[in-house]
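Reader: Please take a close look at one part of this protein and tell me how it packs. Give the cut-offs as you go.

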Amino acid sequence: MSSSLLLSGSTVSSPFIAPNNLSVPFRNASRSFKSPRCAVDSPYGGNTPTFPRLKVWDPYKRLGISPYASEEEIWASRNFLLEQYAGHERSEESIEAAFEKLLMSSFVRRRKTKINLKTRLKKKVEESPPWIQNLLNFVEMPPMDIIFRRLFLFAFMAGWSIMNSAEGGPAFQVAVSLAACIYFLNEKTKSLGRAFIIGIGGLAGGWICGSILIPMIPTFLIHPTWTLELLTSLVAYAFMFVACTFLK
């Protein structure tokens, strides 16, 4: 019986014998299987272009700008190049290094210019006549926030006076401005008498100058409702602002 089966050529199936057709997919799979490529195998930077002036020593030439370029031009060149060569580490480092070098040089140059300007001004003051030196001893430069706060106060008083120009004179606004001027001066000088003298002097000086200068202005440039008293008070506000802000 076993010999007849062999002679008939029929296929004998057995759980321990794999069919021949099952080995084909495995062979094909072994041929098609490839090991995955790592990121290290890819070329550096991929397709990102390389900055052509990596080894140029001059930072101006490296960024492609003139030695007389302004800070705005330096920033624009740096941003443009970083956008062009983004993703290439060595290119970005080279561009940033040239930019930082130029920025530092600009800072040092501005600082030297500022120091030289102060030195020249100090020398001018020292060489000026004694009466100018004595006059400058009464002047000081306060912080900018103080200047803006006091400028806002007197500008508000001027606007208030203009808004009420048709109803009457700005006597109340002038009185409030004088009181504020004396208060600021007393806070600075620690002397009420000195603050009172400087404040009254600022008001008187502004009123006198306004009375002389305002009539010289052509009438067609002045609003019809603006009286001589109003315009003179505006000049007085400016004098009191200068007095309480810059005098000591």
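Author: Helices H8 and H10 pack with their axes 9 Å apart and at an angle of about 10°. Axes here are lines fitted to C-alpha atoms, for helices over the stretch in contact, and angles run from 0 to 180 degrees between N-to-C directions. H8 and H10 are therefore roughly parallel to each other (angles under 35 degrees count as such). On the H8 side the contact (heavy atoms within 4.5 Å) includes Gln-173, Val-174, Phe-184 and Lys-188; on the H10 side, Ser-233, Tyr-237 and Phe-246 are among the residues. The residues of this contact divide into 10 nonpolar, 4 polar and 1 charged (Ala, Val, Leu, Ile, Met, Phe, Trp, Tyr, Cys and Pro count as nonpolar, Asp, Glu, Lys and Arg as charged, and the others, Gly among them, as polar).

The model is predicted: local features need pLDDT of at least 70, side-chain atom pairs count only at pLDDT 80 or more, and totals for chains, interfaces and linings use all residues. Residues are numbered from 1 along each chain as its sequence is written, and side-chain values use heavy atoms, with hydrogens and water left out.

Helices are DSSP runs (H or I, at least four residues), numbered from the N terminus.

Methods
Helix = DSSP H or I, 4+ residues; strand = E, 2+ residues; numbered from the N terminus. Parallel < 35°, antiparallel > 145°, perpendicular 65-115°, else oblique.
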